[in-house]
Every structure is written in structure tokens, then in C-alpha cells.
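I opened my notebook to get to know a new structure. Here it is, so that you can follow along.

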Amino acid sequence: MGCATSLPDRNSGALSGLSNSENAVPADAKNLRVKLVLLGDSGVGKSCIVLRFVRGQFDATSKVTVGASFLSQTIALQDSTTVKFEIWDTAGQERYSALAPLYYRGAGVAVIVYDITSPESFKKAQYWVKELQKHGSPDIVMALVGNKADLHEKREVPTEDGIGLAEKNGMFFIETSAKTADNINQLFEEIGKRLPRPAPSS
Amino acid sequence: MLLSLVSKRSLEVDSRDAYGFALRPQHVQRYQEYLSIYTEEETERAEKWKNFLDRQENRAAEPCSSEEEFQDSFQADGLESGEESDSEEGSRNGKHEDCELSGTRVLQHLEQDRTETAGDVSKEKEAAEEAQVLDEHQYLREKSLRRDTEPVKDEDEEKFESDKDKESSVESESESDKEQQSQAVKEPVDHVHLVAEEDKCESGHDKAEKETKARSVIEWAHIRPCLGSIEDMMCARVKNVKYMKNNQKTIVGDHISPRKESLPSIEESEQNSGENDRDSETSTSRSHSMKEEQGSVSPEPFFPWYEELEVLVRLGVPKDLRGEVWQAFVGVKARRVERYYQDLLAQITNSDESSSDVQRKWKKQIEKDIPRTFPGHPALNENGRDSLRRILLAYACHNPSVGYCQAMNFFAGLLLLLMPEENAFWTLVGIIDDYFDGYYTEEMIESQVDQLVFEELMRERFPKLVNHLDYLGVQVAWISGPWFLSIFVNIIPWECVLRMWDVLLFEGNRVVLFRTAFAIMELYGPAIVATKDAGDAITSLQSLASSTFDSSQLVLTACMGYISTNEARLEELRKIHRPAVLEIVEERIQKGRVWKDKKGLASKLYSFKHEGSILDHEQKSTQRNDGEDPDDDDESCSPSLNLDGANVDSEVDSLPDLQEQVVWMKVELCRLLEEKRSAVMRAEELEIALMEMVKEDNRLELSARIEQLEREVRELKQVLSDKKEQETAMLQVLMKVEQDQKLTEDARISAEQDAAAQRYEVHVLQEKNEKLVTQLAQMEKKLVTAETTLEATLQYESGQNKALSSSPRFTRTTQESPKKKTGFLSFGLGWRDRNKAKQTDESNVDNTSNASSESKSPSKESKSEDLLNPETRR
């Protein structure tokens, strides 16, 4: 319900076992598989975005994420390729960033989330951008997400700031609301489109 | 203790289990299936524990008054384990009503008192009031004791017959905290009822307002006496561990001087086993900076029933005993310092504004996380959350090297469901400070070390599974990291979590974490090996783990199947892996610091924290020495008097002014120390920030400059080489040109020479010409003279001829001579005639050409002839 394009069958993207998740995208050009990591300050709604995307649910008082949690979801793109996202949702508290490399290493996509009502979380997003540029895979696809867009009357981070940061770092930018499901699917579809396609090999 | 509040009302919602925790929709069915098994197990273990504890008490040869009570409570347990049944609910409600009836009046009074107390403490008013507060504290404590017993009595009159006899003595004994503590083992305190009842009261009386809320649930209860022997054993372990740690420290010659002062007292206290040790113990329990895990200290030799207890623990602790048993396991009694918790809370409320950035950060994080801790749990209502907040804040204050770490909210929440607030605090302290030392600190070093150790052991034990995971590109730590960090809370079903925690707290180390993780891997390894990609592997492992409802299977597999994984082995492996983690952390600190400092947020310094925490410890221990050791006889004569100490001492009572001043000064001192601490921290933070900023800036600038210069140099070099090439080309061209030039020069020179030679020739010729011209001129002159001479001669001859014809003599002489003369003359005349014929053909050129070709002598001849000819011509 949450994801119009999502396929109910997770295994639809049956892949050759040879594909290694270390290198984000496997050889099969029609069935992509990618490790995605969500990073961002505590309480910006990382888990909510994932839950909205994967299960179509929203819970304002979801649990604190300890360490990291994993979910996967497959979507079909318009060009009839399917993308299976293996989503690592990391803990937001600062000290857990010590464990983050474990999860973003080898990730093909990093989604950096901030809360549009919290400038502090935007700062943290900038930190993550830098960290990933330094230590992430060089060809990682990065997306910057301003979440809680439904709280626009409490907005403290202008959209322009988000766009600016994203443009400066060659990222894709979108403002979402896990609560209203706004732009959640668009976010993942857009990421799917931007994934590097394996060269068609015969 | 909030668990006792979980009533049918809240459990009616299908999606919650007997503990009030949310069940995932897909698990509801299975949970229902296992519920009967749980109930069965619960009854069984209740029976076993009862027997065990009975024997314990007999062994202790203590005419036990509480035996009956215990039995009774177990009957209740039996019912409660079938929580969903209506009859049980009824009995529970009845219980509560009784409590209320009997307790309402007392409680009303208490609420009022407490409201005042809270207000007074927070506002720090006048001396008289302060003194009154102290009285009230004392009063409150007595009251609470009385309250503890009264409702129970109402409920079952027979049950506390003996206790009733004791009651008066209990009250008199509770004059001082010290005695109260020592008495703890004998005091039957049923705090289950206490809190339940209190909550009822609070909800019933609206006048219990905000201030009350802030303070009211701060409760402490001693555990039931039948657990005394277990508690003693575990306390001995706690002491033992601490003692060893202290020894280690003295051996290592540990730096911190204030601690050294306390060392003698520790040894003393170990011998005396008096009240004194509490000070030193707790101060060391907070000094974990250098601590080594010593959990493997086995209390076995002194406690022959240890093994029996171990088996019992593995079979699970009965639900209603769990809270107390856990406290006994953690050794709360040995850890607790009277009033320490309250003082921490006071410190927090006092230092609201002056708290450091770090503290504010924790506070913010705690606020964020409280609503996200077991959201929707019926017991975690507003009061429950207040308790949770206080525990977490107090812990952050107690141990700044950890502060607050996500996951602790769950632990505190869980503990709070099983025991009163202060007990939960001390249990949390035991778990985090001791069992999980270094796990939740800023760098989470031990947690990372454990992951490396776990991975190595996994490779050893499940090579096939790990190979498959490797093949899928899945790291074991991705999955096991969250398991360990959350101590399986929210990972496996609650029944399993609690059973695992039973063992964890009993064993006093993290071995069971490893064993449980192994057990899960063993159970689900085959399913994982069948998966085809990373996502499926992780998803299925997660979902399988979360549906492990067979708690006995899990715990017994863990404990029986992996005996070789013990603390000694783990410690060995940890030592091997620790350096690698430390190295990475070190690196991170460097980088992290640079970034953070650049942002100018001094509050976010990681690295500083370690230094800071040592500072904290020192200061804290001094604070503690100043204010919190009233029980310590040695210290009572020290100038710092604490509230209780002052109150107990009737002599001091007579000097309210002094006392007031002392209290005031103490508070002031605390505040100042706190301020100083935060100021020092802030200063250091800023200093480091500044230094790093300067360094960073310089470095950046310099590196940029260097880069630029290098680029320039490279460009210049390029240009230079280009130039060089050009130069060589030019040179070659130049050389060619030069050669050409030389050639032309040579040619020129030779040409010049030629020219010169020619010029010279011309010159010579001209000279000759001139000579010839002059000669010619002379010749002409001569010719002219010769002609004139010839003319004259001719004229003379003609004259002669006329004369001869007249004189014959002359005729004959003249005849001969004219003959000769006629021959020469006729030649001259003939040449002249010939010349006249040629005259038109021959131009003036004749002069030069003839002259150059003719040799001198013949030319003279011819010349003479020539000279003669023109004469003849003329």
C-alpha cells in the first residue's frame, strides 16, 4: 500500500549467487540489487522512512534503533528493471557513528536524512556527507533527504539549504514525509534510476 | 516494579504479551501457542525455587518468618502466570483495593508531606524549613516501612504474625539508615504492593500534583530475606571484584591520588566488613576507567549450593521473584550508597542551567528517547516515564564516561518494570559499570572488541555458515552487533530475553551473550545457508530470531552447548583483538575532533571525554566524600555533615543555624564544584577546539598553498622543457644558419679577394694605360716634331734641287745622296698611303689593344714606323 511500484515477492529479483553485495550492483542488468544505508541524526525519522517504504506503516513513536536494523524491499522501475534494496537503518546517536563504517562500507547507496525542523540535524547531515566522501565507496550514490516535510510550519531548514548542500556534493535531494508518505516512493525510485547499470555483457 | 501495574485492562489488546510488551502481528499466534508452555514452566520453576529457597533458609538456620509469606506469594505466582485468566485478575484487583483501603489515609498524609519536601528541596528555603524537611525524610522512611507491612497484613493476617511482632523493633532500628541497612535481611518488604498501591493513590488523588510527580516514585525497597544468602554471595563477588580491581590499581601504581587515600580504608573495610566499605566500594565502582573484567571470580567454594542455583537460574527465575533475584545477582546491596541517588537527582535539578554541553546533550537525547522506549507499554505512563528519565539522568551524572547511550533506555525501562526506581538505578549501575564496562562509552570499544571475538569464534564453530555469509558478502557483526548492544532486547521474544538476562546477571559477565548468539546461529544456521542473497539471509535470520519463542530450548542450548566458551577464553581473545579496535578508534578520534572543532561545537568532543571523565571521577569522589558518607564513622567527624547525619545527631539539632549554614554551604559547594567542573571542561574543550582549529586552518592553508606551488612548479617545469625543446630546435636552426653564413662569408671573402685581384689588375692595367697614353702623347709630340722636321727637310730638299740645276758640281754629289734619300722617303710615303686606305676601318681602340699585345722592342720599331706613318699621312 505504501509503495505502488513495489513487488510483493521479494525474490522476484532472483539473482546469480555470484553477485557480491560488496559491489553494490550485480551483473544482472534487469534485476539490480543494492545495499543502501540510512544515516542521520537521532530522531530524524530514518526508521520511519524505511518502515513507510517497506511496510507502508507509520508509527510516530517507533522504537529507538540500537546498533542498526535491516529491512529489504524490491521495487520495479518504469524501464522494467527491478531493484532490490537491502536497507541498513543505523542508530542515530552520535556515539553509534563509531559503528557506522561497518554498515556503509561497500554500500552502493547512502541516504542521509535530516529533519527540516532541526538545524542541528542538518549539520549532522553535512558531517555524514563529508564522512562518506572520505570513507565511502567512491562511486556511492548519495541522496539527501529532508524528512518531516509535513511539519512545514515548524520548518527551520530552508529547502534551498538542502538543495545547496546536495548540489555542492553531487547528491540527489528530496524532501519527504514518512508520516504522510509524501515522496517516500519517489525517493527510492529516483535512487533506483540513478544506480549505475552493469554493462550489458553477452 | 511497574510490571505489577500491567492489568488485564492493558493486556486485552492482543498485540501485547504478559509483560505488556508489544507483539508483532505475525507472532501473536505463536505466542498464544507458547503461552501455555510458559505457564507450565512458570509453575514448575516456582515450585523448584520455593524448595530451594526453603532449604536455603533452613540451612541458614534462621527461624524464618517469611517462609509462609513466600509460599503464599508463590501461590499467587501460580495464578499470575496464567495472567490472562479472569479469576486472577479478580484476585489482583481485590488485593489492590485492600491496599487502598488501608493505605489511603497514610498515603494521603504522605503525599502532602512529600509535596512539601519536594518543594522545599528544590527551592532551598529557610533554615527552619530545611530542618523540617530532614525530619520529614526520616519520618517518611519510617512511614514507608510501616506502610510496607500494613497492607500485606490486611491481606493475609496470619502471614505476618511474626513480622508484626518484629515491627516495633524494625521501626526502632530504622532510626538510622545504617542500622536499617544492616537489618535489611530481616525486613520483609513487599514492595510489589507498595508501588502498585502508590500508583493507585496517585491516580486517585488529583492533588498529588506536579511536584509530587517529580519526586513521588523515588522508591527503594530491600529484597525479601529469603534471597539474603544469594545476595550475600553476589555481594561478596562484587566486593571481591572490586577488591581485586583495587589491588590491581595499587600494583599498577594507578595515578589518581585521591583514590590512594581511600585505599587503606578499603582494606580495612574488607576486614571489618562493616559499613565503612560502602564508601570505598562505590567510589571504586565508579572508577572504571582502568577496570578489567573480573566476572569470572567464582564464589563457588564458599557456597555449596552454587551449582544448584545455577541450574535453577538456567531454568528461569520465577516472574514474581525476578526483580529481587536480579538485584541480588547484581549485588545491589553492596553497590548502593545511601542517598547517593537522591543527591544525584538533586544535583541534576540544581545544575539545570550550569550543566555542561555534554550533559545537556545527554539530556536532550534522553528526552528524545523516552517516548521511544517500549512505546505504548501500559506501565510506562507519565509516572513511569518520569522514573525512567530520572534513572537515566542520574546514571549519566553518575558515570560521565558513559553518560547516556541508546539501549540504556531499554535496560532502565525493563528494570523499572521489575523493581522500584532506586533499585532499578543500582541494578543499571551494576550492569553498565561492571558487566558491560567499556561497552557503552563514547567509543564503544569493548563492544567492537566483542564483535571481533564473536566473529572469530563463529568461524571456529560454524565454518560452513560463515563461509556462506562471506560468500553473500554479509559480515557477522552486522547482525550480531545489534544483538549484543541491545542485550537481545527487541531481538528475541521477551520470555527469552528475560531468561537470558537471568543467566547474564547471575554469571556476572557477558559470556551468555556469546552463547545465546551461538545458540541462535545453531538453530537457524541451516536456514541461512539455504539463502541466496545477503538480504534474504539477514531478513530470515532476523525474523527467525524474533520468533524464537521456545525460551527453554534457547537458553539451555546456549548454556549447555557452548561451555567451552567461557570468560577466560573470551578475555584471551579480547586481548588479541583490542589493539586493532583501539587503533581505529584513535584514528577516528583524530578525524572526528578535527571536524567537530571546525564546526565550533566544543560540546561534541569525543576525545576530550576520557580526560574529562577522570576529572569527573575525582571531583565526584570528593563530592561524595564531602556529602555522602554519613554512615561512615571515620568520616563523621569530618567537617562536612550530611543531611541525615545532621538529623540523627540530636546535638546538632540544637544548633539549627549552624546546621543550616552547613547544609547551605554544602549545597553551595556542590554547586561550585559542579560549576568548576563544567568550567574546566568547557575551558579544555575550547582550548582543544582552538588548537585544533588553528592547526587545521594552518594545515589546510599550507596544504593548499603547497598544492598550488606544486602545480605551479609542474607548470613551470612543463614550460621549461618546452622552452628547452624550442631552444634546441632554435640552436639547430641557428647552427645551420651559421654554417650558411660561414659559407656565404667564405664565398664573399673569396669573391672579395677576386674583386681585389681584379681591381688590382684593373689598376695595373690603368697604370699601363696611362703610361701608354703618356708615351703616346710623347710619341705624338715626337711625331709632330718629326713631321715638322720632315716638312723642313722636304722644303730644304726642294730648295737644293733648284740650286743644283744651276751649279753642276753640286749636281754630281747631290746625285748620289738623293738616291739614298729618295729610298727612305718613298717608304714613308708608301706606308702613309696604305694607312690612308685603311683609315675608315680602324678606330681609336687600336691604340690600347695593339699596345697591350705588342712587346716593347718590336712595338718601338712599329711605333717608330707608326710615328712615321701619321707623319707621312700628314
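**Ground rules.** I am working with a predicted model, in which local features need pLDDT of at least 70 and side-chain atom pairs count only at pLDDT 80 or more, while totals for chains, interfaces and linings use all residues. Residues are numbered from 1 along each chain as its sequence is written, and chains are lettered from A and ligands numbered from 1 in the order in which they are written.

**Chain B overall.** I looked up the secondary structure of chain B and found 36 helices and zero strands. Helices here are DSSP runs of H or I with at least four residues, strands are runs of E with at least two, and both are numbered from the N terminus. Chain B has 874 residues, and 40% of them count as buried. Buried means that 20 or more other C-beta atoms lie within 10 Å of a residue's own, exposed means 12 or fewer, partly exposed is in between, and C-beta atoms are placed from the backbone. Among the contacts in chain B with a separation of 6 or more, 79% join residues 24 or more positions apart. A contact needs C-beta atoms, placed from the backbone, within 7 Å.

**Helix α22 of chain B.** Which residues of α22(B) are buried? In this helix, residues 463-472, I noted B:Leu465, B:Val466, B:Leu469 and B:Leu472. Seen down the axis of α22(B), they fall within an arc of 120° (taken from the directions from the helix axis to the C-beta atoms), so they line one face of the helix. An α-helix has 3.6 residues a turn, so residues three or four places apart point the same way. On the other side of α22(B), B:Pro463, B:Lys464 and B:Asn467 are exposed. The cover over the buried residues includes α21 (445-461), α23 (476-485), α25 (511-529) and α26 (534-546) of chain B. After α22(B) comes B:Gly473, with a positive phi near 80°.

**Where chain A touches chain B.** I found 32 residues of chain A in contact with 37 residues of chain B. On the chain A side, β2 (68-76), β3 (82-90), α2 (100-104) and α3 (119-135) each give two or more residues. β2(A) gives the most, with four residues.

Definitions and conventions
Contact = placed C-beta atoms within 7 Å.
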